[in-house]
Amino acid sequence: MQPISSPGGPLQSDNKEPRLRSRIFTSMGTVVSLAVPAAPATAPQAAVDELEAATAVVEKLFNGLDRTFSLYRPDSEASAVARGELALTDASADMRRLYVEASEWRTLTDGAFTAERPDGVVDLAGIVKGHAMREAGTSLLALGLKDWCLNAGGDVLVDGSPTPSSARPWLAGVVDPADRTTLLTSFPLGGYSLVNAGKRALATSGTSERGHHIWSAGLQGGQGAGFLQVSVASADIVTADVLATAIMAGGARTLALATARWDVEVLAVKNDGGLLATPGFRKPAAQNS
Amino acid sequence: MRLRAGISAALASAAILLVGWQAGAHVADSNASGVTTSAAGGTGTGGTATAGGTASDTGSTTNGTTGSSASGSSSGTGVGSSSSSGSSSSSGTGASAKAGASAKAGGTYAGQAVETRFGTVQVQVTVKAGVITDVTALHLTDQEQRSVQISNRAAPLLRSEVLSAQSANVQTIGGATVTSDAYLTSLQAALDAAHF
């Protein structure tokens, strides 16, 4: 079927907003959504089926990891470890591998990111969602999906473009922590241009998470020196997620360490409302369309 | 002072290897090695005979293929003491090997950047008719790299300096993790609903 511009409707230009389709599910205490470009009008049902099949794969993956790692489930492996019934050395390969990865991040961030609560209980909540998104990305690639956007409770991982066969990046808004119905800014992810230097992931950490998996708040020099919200863009979601959490916990010192040690862009909202940002979050670099 | 010694030592060993390569390439032509000897000497002191005595030791530890006449030219780069050229022999190896390999006829050749304990060192050698006429340092330390890092530091900015965004223009919303309940009233929920 050839696209025909109807006489009654406005002729849409090439710069029109990309049309998307998305599906959601709940897991890990939050909502996960998978969005893909809306298919051409030739086979809409096939495209919907493809999206729903992909969503089902990602949902299964998230729920499987949640059953292993959630401390909210008394029957999870993580809960058994927390109660001291299961030694970490006897835990599953998944559990041990993720614990090792979290421990490496603890070293790399000078202790700002940690997988242990102050009471010594192992809690991998700070890394398990990023890990789940990373695994989901691998699955979507294996399914042959080229253009998609995965949002798990405000952390974003994309591939390709919202407009298939174009260089256009996905544009991710960043919520204003002072007013969650407005956006502070946006950041381009994915796409095939060099504007964002290969950044595919954006993770945000905020005070709402404090008490869940940000325990190192004592590292910060008092309330005024801390951050209300930290967003990190990176090539991979685990790096973005871990560093956002680490900077929230470690404050300005960890922020300086992160920007010096990793190829990341950071936007931090201070407790007094002021902003700190790396060049990628400044206007000229962020402008892309 | 140690930095300066290291740089000049690296340059000296670069000259050793470069000239050594030339000596090896034109091994049958005794005139050629004679020319390179005096040319390298011209960058520093001119003492060919005494230099040959001190630097032949250096040459033998640095590079087995280096001819003794070529080594003689190396201490002429102004280092003066054989001890300093000895200490630098390893650091300059990578830089000069590449330059030497391409320095056949003439032109300007940049060596590989070499990590030393003084920082990153990279030399550029100018050759005319098989004679080194100039040796300059392109890259002495990693200061350039540091400036890149500094430029990526997070700096204060005004809200008007970030790209202002409206939810109509974005395809997804990033923010601190929201609970399933909070999702219902979130911007992301509105986007998802619009795309369902």
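User: In which sense do strand β5 of chain A and β6(A) pair, and over how many bridges?
Analyst: In this predicted model, strand β5 of chain A covers residues 170–176, and a hairpin joins β5(A) to β6(A) through 2 residues. The pairing of strand β5 with β6(A) is in the antiparallel sense, and the count is 7 bridges.

User: Which residue is the bridge partner of A:Asp176 in β6(A)?
Analyst: One pairing between these strands places A:Ala172 opposite A:Phe187 in β6(A). For A:Asp176, the bridge partner in β6(A) is A:Asp179.

User: Which strands stand at the edges of the open sheet that 3 strands form?
Analyst: The order of the 3 strands in this open sheet is β6(A)-β5(A)-β6(B), with mixed pairing. A strand at the edge has a single partner strand, so one side of it is left without a neighbour in the sheet. The strands for which this holds are β6 of chain A and β6 (172–174) of chain B.

User: By how many degrees are neighbouring strands of this sheet turned against each other on average?
Analyst: The sheet in question has the order β6(A)-β5(A)-β6(B). With direction ignored, its neighbouring strands are turned against each other, on average, by 35 degrees.

User: At about what angle to β6(B) does helix α9 of chain B run?
Analyst: Helix α9 of chain B, made of residues 187–195, lies across β6 of chain A together with β6 of chain B. Its angle to β6(B) is about 165 degrees.

User: How many aromatic pairs does the structure hold, and why does the pair of A:Trp105 and A:Trp262 count as tilted?
Analyst: Over all chains, the structure holds 3 aromatic pairs. The rings of A:Trp105 and A:Trp262 have their centres 5.6 Å apart, and their planes stand at 35 degrees. Planes under 30 degrees apart would count as stacked and those over 60 as edge-to-face, so the rest are called tilted. The pair of A:Trp105 and A:Trp262, with its planes at 35 degrees, is therefore tilted.

User: How many residues apart are A:Trp105 and A:Trp262?
Analyst: This pair links distant parts of the chain, since A:Trp105 is in helix α3 (residues 93–108) of chain A, while A:Trp262 is in the loop between α5 (237–261) and β9 (265–270). A:Trp105 counts as buried at 9% relative accessibility, and A:Trp262 counts as buried at 16%.

User: Is A:Arg23 buried or exposed, and with which side chain does the side chain of A:Arg23 make a polar contact?
Analyst: A:Arg23 is found in strand β1 (residues 20–27) of chain A. Buried means under 20% relative accessible area, so A:Arg23, at 11%, counts as buried. Among the residues that A:Arg23 touches are A:Val32, A:Leu51 and B:Phe196. The polar contact, at 2.9 Å, is with the side chain of A:Glu52.

User: Where is A:Asp110, and what is its phi near?
Analyst: A:Asp110 has its place in the loop between α3 and α4 (125–142) of chain A, and at 45% relative accessibility A:Asp110 counts as partly exposed. Its phi has a positive value in a residue other than glycine, near 55 degrees.

Terms used
Residues numbered from 1 in each chain as written. Chains lettered and ligands numbered in written order. Predicted model: local features only at pLDDT ≥ 70, side-chain atom pairs only at ≥ 80, totals over all residues. Heavy atoms only, no water. Phe/Tyr/Trp six-rings, centres within 6.5 Å; stacked < 30°, edge-to-face > 60°. Helix = DSSP H or I, 4+ residues; strand = E, 2+ residues; numbered from the N terminus. Buried < 20%, exposed > 50% of the residue type's maximum accessible area, 1.4 Å probe, protein only. Pairing = 2+ DSSP bridges. Axes fitted to C-alpha atoms, helices over the stretch in contact; angles between N-to-C directions. Contact = heavy atoms within 4.5 Å. Polar contact = N/O pair within 3.5 Å; in protein donor to acceptor, adjacent residues only side chain to side chain. Lists of a residue's contacts leave out its neighbours within four places in sequence.
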